[in-house]
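Dear colleague,

I am passing on the structure we spoke about, and below it I have set out what was found. Please read the notes with the coordinates open beside them.

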Amino acid sequence: MGDVPVEMSREHFEELVADALDEVPEELLALMSNVVILVEEDSPPGEPELLGLYEGHALTERGWDYSGVLPDRILIYRRPILRICDSDEDVVEEVAVTVVHEIAHHFGIDDERLHELGWG
């Protein structure tokens, strides 16, 4: 790895993402529809500070014509998160915040509102 303050295997990082999902209330997880959560090594070129990304159609934007589409994707970027963290504990916290942030986008909550709520 080399360019990150915290060294962590992909496997362990994926476990932290799973742990973060375990902390999301069951009622919310049950409402999620047609979405997958994936870990990627790096954010898209030109966006090194991006920690996660929601790609798809938020539940609030889906209408009667929403059918036959590929699943939405929540991407959690491992190396960008490791780059901004100083300890394993920081990684645990940042993964949890990023997972909640991207799930909120699935529910149609925008960045401005997430920042107001402390999940920015």
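Predicted model: local features only at pLDDT ≥ 70, side-chain atom pairs only at ≥ 80, totals over all residues.

Arg62 sits in the loop that runs between strand S2 (52–55) and strand S3 (72–77). Leaving aside residues up to four places away in sequence, Arg62 touches Ser33, Asn34, Tyr54, His57, Asp72 and His106.

Arg62 lies in the loop between S2 and S3 whereas Asp72 lies in strand S3, so the pair ties together parts that are 10 residues apart in sequence. Asp72 is buried, as is Arg62.

His106, another residue in the contact list of Arg62, has its place in helix H4 (residues 88–106). With a relative accessibility of 0%, His106 counts as buried. A polar atom of the His106 side chain lies 3.2 Å from the backbone nitrogen of Ser33.

Turning to the strands, S2 and S3 pair in the antiparallel sense, over four bridges, and the bridge partner of Gly52 in S3 is Ile76. S2 has a covered face made up of Gly52 and Tyr54, and an uncovered face made up of Leu53 and Glu55. In general, the side chains of a regular strand alternate between the two faces of the sheet.

Because Arg73 lies in strand S3 and Glu55 in strand S2, the pair ties together parts that are 18 residues apart in sequence. Arg73 counts as partly exposed, with a relative accessibility of 31%, and Glu55 is likewise partly exposed, with a relative accessible area of 32%.

The structure holds seven salt bridges, among them one in which the side chains of Arg78 and Glu41 meet at 2.7 Å, N to O. This pair links distant parts of the chain, with Arg78 in helix H3 (residues 78–84) and Glu41 in the loop between strand S1 (35–40) and S2, 37 residues apart. Arg78 is buried, with a relative accessible area of 5%, whereas Glu41 is partly exposed, with a relative accessible area of 26%. Arg78 and Glu41 also belong to a network of salt bridges in which they are linked with Arg10 and Glu14.

With kind regards

Conventions: Residues numbered from 1 in each chain as written. Heavy atoms only, no water. Helix = DSSP H or I, 4+ residues; strand = E, 2+ residues; numbered from the N terminus. Buried < 20%, exposed > 50% of the residue type's maximum accessible area, 1.4 Å probe, protein only. Polar contact = N/O pair within 3.5 Å; in protein donor to acceptor, adjacent residues only side chain to side chain. Contact = heavy atoms within 4.5 Å. Pairing = 2+ DSSP bridges. Salt bridge = Lys/Arg side-chain N within 4 Å of Asp/Glu carboxyl O.
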